[in-house]
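Let us walk through this structure step by step. Keep the sequence and the 3D view side by side as you read.

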Amino acid sequence: MKRFFGKVRPAEPRVSEAERELFGGPLRYDMGWSRHENATLDLTMRSALRQMPGLVGAALRMAWNADRRALFVVALSEIGQGVAAAVGLLAVNAVMHALLGDGTATERLHALLPGLLAAAAVAVVNSALAGWSTAQAGRLEPLVERIATTQYLAAATAVELEAIDDPEFRRLIDIAQYGAASARRMISCCVSALNSTISLIATAGVLTVLHPALLPMLLVIAAPRGWGAMRVAQERYVSMMSWIEHVRASRLIGNLLTERTAAQEVRIHAVGPFLLDRYRGMARSAEAEQERLATSKAVTEWVASALSGLATAATYGAMIWLIMSGRMGLAVAGTAVIAVRSGSASLGALVMNVNQLHEESLYVRDHSRFLTEAAQRAIPTGGAPLPERVAEIALDAVTYRYPDRDAPALDKVSLTLPMGSVTAVVGENGSGKSTLMKILSGLLLPQEGTVRWGDAHVRDLDRAEVYGRVSLLTQDFQRWPVTAAMNVRIGRPEHRAEPEDLRPSLDYAGAGPIVAKLPDGLQSLLARMFRGAIELSGGEWQKMGLARTHWRSATSTADSILVVDEPTSALDPEAEIEAFDRIRRLAAPHRAVVLVTHRMSGVRHADRIFVLDQGRLTEQGTHAELLAARGRYAAMFTAQADQYAPVPPAVPHPASPPAPAVTDPA
Ligand SMILES: Nc1ncnc2c1ncn2[C@@H]1O[C@H](COP(=O)(O)OP(=O)(O)OP(=O)(O)O)[C@@H](O)[C@H]1O
């Protein structure tokens, strides 16, 4: 019994060997975000029905905002169809009475004509109303999907970077993407549910008028089917939730096999057949879950149909008893049979629609949950205006810890960046350099300590204004799949520019020759995924990125900061020297330049150098001061300088295996 009527639970995961090997264990969605929200995934029928009005209301509100005239027309035509159904039944009743009444066959045929004509007229009106409703609903649905998608995208782009780094929130972003299409489908479900409800009310009214016992009978027939459909939907949803990570991982493997970046290793290392085999393994375990679901659905539907069949037999039995005992006339019974049939069809359709509404509403609920959580984690809007002149940006005892980490990535870091200065930050991998850059840019807010622009605390400032003053060039800067001109202009997209306006930025970055080589110059499309588009090399892209950064800096005169994180990783030695030189030239009286790099040659001319070690600032000073101090910086600098020393240190040769002894055949 518990199997059918207990709470729907995810099936015990069967871990495929491929999952264990590639990902270290089963990839299952742990419903963590619902715990995070202090709400367990509540999938009882009662809670479904309780939440339904709110979710239907939300979908209808979207429809109302999208096109209220269309919504009004849909509602009107659906109500019209319900009324037509009732009138049709009354016409059928009149026909029955005429057919089973007194008089000769000809008289009875004459008597039933008005009823027949009325039924035909009702059918014509009904189909006209149905067409009208379909046309308007078809117009409404894409609008609702667009509104929901826009809400989703706007919320996703407005959250703090910390939320994007949070795996729980990322999962919620993934799941919520299905909500927009579900909101669209909810509109058609709502229309169908309204249609079934109105025709059911009409049928129920007619049945009650005919005989009070007929209505409960109708409900008894439909109830098991409703239960079955809802349970199947819940099982499907729980399964989809618990397998979402698995689906994502399979998709990831599929993408890796076809991605251009992985293509070389896929071939040379024979990763292709290896991953393909693991892909098959994961697909097999997903297929086993699909099979389990299909079997469970078949059993549930069979039980529901059996119960519904028993109820139908009982209903007809009761009707025969009512006729035999003289409590119901034959004409009434005839109409009742038709009414019960059409009523149970309406009820069945209503149950199916409510069930589908329920299923879609689960996804819409994720969408609205995402919007709520995204709103809580959104970058605050408003705040104090940022003065044009701030003289310096200062960090005071800044500590930052990533949500899932114990050790802080930055530990009580204090530093000052005066306008017009060039500051370098060096340190080993994982020492906290990139985190410091994110704090300086306002992308992350410190948990302890303060970041000030002049006298104003970043926390109190209008963040959009802070971002407006930051130029960012990171090693993984975005390679936008748009034209070369737009790849530069997108550094400050709201600033309109003709291609000639971008020339100084291209020349500054040394990207002029790259553009000159492109078939359509600045109008060339830089995206391999489109036909006729061009792909640049890593170093060429880096120059385009530098041009973009220059364009962004050049379009602002207020005090600002330029953050450059490993800008030369793909450049050849000559280009690297040039790039560092260019970055230094970006220093201006109203700009503070911060440079993060492992290339020590690039930092020696900085006004001030900071050394980070495990999140702490351990050394600071000019190049000469730090060399003299003979600390970590001096060690790192000397190690790199030695690489370029005239007499390279001896490189040990790999030991060669001993040659097999050759015996003279003679
Ligand atoms: N999104 C994140 N979530 C959790 N931990 C992170 C995240 N980003 C960085 N870390 C951790 O914070 C610490 C500092 O990382 P950060 O990227 O700032 O170092 P880095 O000095 O820039 O390293 P590299 O020179 O390798 O780029 C590391 O231990 C890293 O594992």
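The expected span of a helix is 1.5 Å times one less than its number of residues. Keep that rule in mind for the helix discussed below. Remember too that this is a predicted model.

Begin with the whole protein chain. The chain holds 22 helices and 10 strands. It has 666 residues, and 36% of them are buried. Now look at contacts between residues at least 6 apart in sequence. Of these, 78% join residues at least 24 apart.

Next, find helix H9, at residues 179–210. How far apart should its ends be? Helix H9 has 32 residues, so at 1.5 Å a residue it should span 46 Å. Its end C-alpha atoms are 44 Å apart, which agrees. Helix H9 is also largely enclosed by the rest of the structure, because 25 of its 32 residues are buried.

Now compare two loop residues. Ala407 sits in the loop between strand S1 (392–400) and strand S2 (410–418).

The cut-off for a buried residue is 20 or more C-beta neighbours. Thr483 has 21 inside 10 Å, so it counts as buried. Which residues does Thr483 touch, leaving aside those up to four places away in sequence? They are Leu522, Gln523, Ser524, Leu525 and Leu526. Take Leu525 from that list. Leu525 is 42 residues from Thr483 along the chain, yet their C-alpha atoms are separated by 4.1 Å.

Finish at the ligand. The shell around the ligand has 13 residues, and Tyr402, Asn429, Lys433, Ser434 and Thr435 come nearest. Helix H14 (residues 433–441) gives the largest share of the shell, with 3 residues. What kinds of residue make up the shell? It divides into 7 polar, 4 charged and 2 nonpolar residues.

Technical notes
Residues are numbered from 1 along each chain as its sequence is written. This is a predicted model: local features need pLDDT of at least 70, side-chain atom pairs count only at pLDDT 80 or more; totals for chains, interfaces and linings use all residues. A residue is near a molecule or strand if its C-beta atom, placed from the backbone, lies within 6 Å of it. Helices (H or I, at least four residues) and strands (E, at least two) are DSSP runs, numbered from the N terminus. Ala, Val, Leu, Ile, Met, Phe, Trp, Tyr, Cys and Pro count as nonpolar, Asp, Glu, Lys and Arg as charged, and the others, Gly among them, as polar. A residue is buried if 20 or more other C-beta atoms lie within 10 Å of its own, exposed if 12 or fewer, and partly exposed in between; C-beta atoms are placed from the backbone. Two residues are in contact if their C-beta atoms, placed from the backbone, lie within 7 Å.
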